[in-house]
Amino acid sequence: MATKQIKKLILQSSFEEMEKLPSFVGSLQQHIACSDEKSGHMMLSLSEAVNNAIVHGNDLQEEKKVTIIAVLENDILSISVADEGTGFDPKVIPDPLKEENLMNEGGRGIYLIRHYTDEVHFEDNGSKVIMDFELH
């Protein structure tokens with residue numbers, strides 16, 4: 001029977017707090033066997049999710065928290081990012097690859113997360129994203 005390993009990080013809603021993400025991902029790498037490419041996918045996806053939580057979920061209100069929980073079980077690393085906002089409907093996010101959206105400054109975070117994870121889903125009305133990475 002495989003053991004479940006859990007690691008947690010709580011951030012304030014400020015961009016400076018994002019500087020803690022590389023060491024968090026680095027500490028995850030100590031417990032998993034994955035390629036540098038997969039690690040890069042984790043870092044990019046986590047950065048996008050945390051940025052969205054800080055900006056869109058918590059509206060840059062530093063007193064609100066972003067909670068990151070990583071769970072390693074059965075060669076799957078699941079990383080959840082939850083904010084204290086009201087959530088959103090991920091189905092109504094415009095496709096950043098459509099011609100009318102190509103020049104938009106934002107709007108690519110969810111697309112990148114979907115592209116670089118093996119599976120992604122949203123809970124709590126969209127205020128929590130769970131990103132799964134297969135490690136085999």
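Colleague: Why is Ser127 called buried?

Modeller: This is a predicted model, and in it Ser127 has a relative accessibility of 9%. The cut-off for buried is under 20%, so Ser127 counts as buried.

Colleague: Where is Ser127 found?

Modeller: Ser127 lies in the loop between strand S4 (119–123) and strand S5 (128–134).

Colleague: What does the side chain of Ser127 reach, and what makes that a polar contact?

Modeller: The side chain of Ser127 reaches the backbone oxygen of Asp124 at 2.8 Å. A polar contact needs N or O atoms within 3.5 Å, so the 2.8 Å value for Ser127 and Asp124 meets the distance limit.

Colleague: Which residues does Ser127 touch, leaving out those up to four places away in sequence?

Modeller: Ser127 touches Val81, Ala82, Asp83, Gly85 and Gly87.

Colleague: How many salt bridges does a search of the whole structure find?

Modeller: The search finds 3 salt bridges. Side chains of opposite charge can pair when their charged atoms come close.

Colleague: What makes Lys38 and Asp118 a salt bridge?

Modeller: The closest N and O atoms of Lys38 and Asp118 are 2.9 Å apart. The limit is within 4 Å, so the pair qualifies. This pair links distant parts of the chain, with Lys38 in helix H2 (residues 36–57) and Asp118 in the loop between helix H3 (109–116) and S4, 80 residues apart.

Colleague: Are Lys38 and Asp118 buried or partly exposed, and how do you know?

Modeller: Lys38 has a relative accessible area of 17%, so Lys38 is buried.

Colleague: What makes Glu123 and Lys128 a salt bridge?

Modeller: Their side chains meet at 3.9 Å, N to O. With the limit set at within 4 Å, Glu123 and Lys128 therefore count as a salt bridge.

Colleague: Why is Lys128 called partly exposed?

Modeller: Lys128 has a relative accessible area of 21%. Buried means under 20%, so Lys128 is called partly exposed. Glu123 is partly exposed as well, at 32%.

Colleague: How do you know that Lys20 and Glu17 form a salt bridge?

Modeller: The closest N and O atoms of Lys20 and Glu17 are 3.1 Å apart, and the limit is within 4 Å. Lys20 is partly exposed at 36%, whereas Glu17 is buried at 11%.

Colleague: What percentage of the residues in the protein is buried?

Modeller: Buried residues make up 38% of the 136 residues.

Terms used. Residues numbered from 1 in each chain as written. Predicted model: local features only at pLDDT ≥ 70, side-chain atom pairs only at ≥ 80, totals over all residues. Heavy atoms only, no water. Helix = DSSP H or I, 4+ residues; strand = E, 2+ residues; numbered from the N terminus. Buried < 20%, exposed > 50% of the residue type's maximum accessible area, 1.4 Å probe, protein only. Polar contact = N/O pair within 3.5 Å; in protein donor to acceptor, adjacent residues only side chain to side chain. Contact = heavy atoms within 4.5 Å.
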